[in-house]
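Hi there,

Here is the structure I promised to pass on to you.

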Amino acid sequence: MTVLTVGNGDVLLWMLEFFFFVIWFWLLLTVFTDLFRDHELSGGWKALWIVILVLLPYLGILIYFISRGRGMAERGIKANQAAQQQLDARIRQAAGTTDSAADQIAKAKTLLDSGAIDQTEFDALKTRALAG
């Protein structure tokens, strides 16, 4: 029966290897996300980048960052802006369209003229529209 001995150096080496693997995987996901976000790059170039990134893990990522790093930031900003616009549109849709104060007053005036509301209600609607 053999006893397995693990020294502190072995554990630290394993932790370092695991750390580099996690970093590589994270950077790989970042590069793949950017690669497939870019609509200007053809499918052949994307396939070539994937081959480079898989065959030359760290060097491929470094080359990608050097050659396409500026575009990565711009594509990230555009993607964030598009996501923010979609979120704003959904919030506006869920909240309902809000008219301007002038539109609200005009609608209240139409209701007043038709007799659906009286002058006090019109004044209350007008005050609320101007306040909010």
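Helices α4 and α5 are roughly antiparallel to each other (angles over 145 degrees count as roughly antiparallel, under 35 as roughly parallel, 65 to 115 as roughly perpendicular, and the rest as oblique). Helix α4 covers residues 101–114 and helix α5 residues 119–131, and they pack at an angle of about 175° with their axes 9 Å apart. Axes here are lines fitted to C-alpha atoms, for helices over the stretch in contact, and angles run from 0 to 180 degrees between N-to-C directions. Helices are DSSP runs of H or I with at least four residues, numbered from the N terminus.

This is a predicted model, in which local features need pLDDT of at least 70 and side-chain atom pairs count only at pLDDT 80 or more, while totals for chains, interfaces and linings use all residues. Residues are numbered from 1 along each chain as its sequence is written, and side-chain values use heavy atoms, with hydrogens and water left out.

Back to that pair. On the α4 side, A101, Q104, I105, A108, K109 and L112 meet Q119, F122, L125, K126, A129 and L130 of α5 (contact means heavy atoms within 4.5 Å). By class, this contact has eight nonpolar, two polar and two charged residues; Ala, Val, Leu, Ile, Met, Phe, Trp, Tyr, Cys and Pro count as nonpolar, Asp, Glu, Lys and Arg as charged, and the others, Gly among them, as polar. D118 sits in the loop between α4 and α5. With a relative accessible area of 40%, D118 is partly exposed (buried is under 20%, exposed over 50%, and partly exposed in between, with a 1.4 Å probe and protein chains only). The C-alpha atoms of D118 and A108 are separated by 10.0 Å, and these residues are 10 apart along the chain.

Now to the other helices. The axes of α1 (residues 8–37) and α2 (residues 43–55) come within 11 Å and cross at roughly 175°. That angle makes α1 roughly antiparallel to α2. From α1, the residues W24, L28, V31, F32, L35 and F36 meet K46, W49, I50 and L53 in α2. Nine residues of this contact are nonpolar, none is polar and one is charged.

Helix α2 also meets α3, where the axes come within 5 Å and cross at roughly 135°. W49, I52, L53, V54 and L55 of α2 make the contact with P57, G60, I61, I63, Y64, S67 and R68 of α3. Its residues divide into nine nonpolar, two polar and one charged. L55, in helix α2, counts as exposed at 64% relative accessibility. Between the C-alpha atoms of L55 and D88, 33 residues apart along the chain, the separation is 42 Å.

Is Y64 buried or exposed? At 0% relative accessibility, this residue of helix α3 counts as buried. Leaving out residues up to four places away in sequence, Y64 touches V31, D34, L35, W49, G69, M72 and R75.

Finally, which residues line the largest pocket? They are R37, D38, H39, E40, G71, E74, R75, K78 and A79. On a 1 Å grid over the protein atoms alone, a pocket is an open set of points where a 1.4 Å probe fits, with protein on both sides within 12 Å along at least five of seven lines, and lining residues have an atom within 4 Å of a point. The volume of the largest pocket is about 180 Å³, meaning the space filled by probe spheres set on the points. Helix α3 (residues 57–95) gives the largest share of the lining, five residues. By class, the lining has one nonpolar, two polar and six charged residues.

Best wishes

Technical notes: Helices (H or I, at least four residues) and strands (E, at least two) are DSSP runs, numbered from the N terminus.
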